[in-house]
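Please keep the sequence and structure at hand.

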Amino acid sequence: MSAYKLILDDYIEDDFSLIAIHCSEEAYKVAYLLNQFTGLRLCRKKVDLEFNNKGLEVTFPLFEFEDEFNYTTYNLVSNRRKTQSAKVASSGGLFGALADEETITTVLIPEYKQVDYFLKIYSDFKKGSIRNLTTNINNIKQIISAFEIDIDQLKSRNNLIFY
């Protein structure tokens, strides 16, 4: 009897560019600002990005724009999400009494936990002018800063693979 060993590699090859955005505005406002000043037409997707954090199901707002003319898809996703979790405290009786609520912050990309949003750019062709887009984003008054991230250095890049 011979033994066979099958090794599956969890690394999924998906080539995209990534821009980190620091901004204290809500996700819909950031999408609006990007639409107004960069020529994108980001719209909220009907289904948000679902993420499991230690048994807690967290959803991140997701905006998308498919530029069919340039065969490019833009996704804006929040990096941090705060959720309320109720703690149950034992009162010694038959029913537990609710204590206080706990706020849990979930981060999509832990390597960049200070980043508020990510703009993911996927294109079938060579990378477009990310530098010009980053410059345009930095010119928006409400945006604190924006910079390109080298995705090859991300350990949690699989968290950004969604369709």
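## The model

The model is predicted: local features need pLDDT of at least 70, side-chain atom pairs count only at pLDDT 80 or more, and totals for chains, interfaces and linings use all residues. Residues are numbered from 1 along each chain as its sequence is written, and side-chain values use heavy atoms, without hydrogens and water.

## The largest pocket

The largest pocket has a volume of about 370 Å³. A pocket is an open set of points on a 1 Å grid over the protein atoms alone, where a 1.4 Å probe fits, with protein on both sides within 12 Å along at least five of seven lines. The volume is the space filled by probe spheres set on the points, which are joined across faces, edges and corners.

Lining residues have an atom within 4 Å of a point. By class, the lining holds six nonpolar, two polar and seven charged residues.

## The nonpolar cores

A nonpolar core joins buried (under 20% relative accessible area, 1.4 Å probe, protein chains only) Ala, Val, Leu, Ile, Met, Phe, Trp, Tyr and Cys residues through side-chain atoms within 4.5 Å. The largest core has 23 residues, of which I19, I21, L42, L76, L119 and I137 touch the most other members. Apart from this core lies another, of 19 residues, including F60, I109, I151 and F162.

Technical notes: Ala, Val, Leu, Ile, Met, Phe, Trp, Tyr, Cys and Pro count as nonpolar, Asp, Glu, Lys and Arg as charged, and the others, Gly among them, as polar. Buried means under 20% relative accessible area, exposed over 50%, partly exposed in between (1.4 Å probe, protein chains only).
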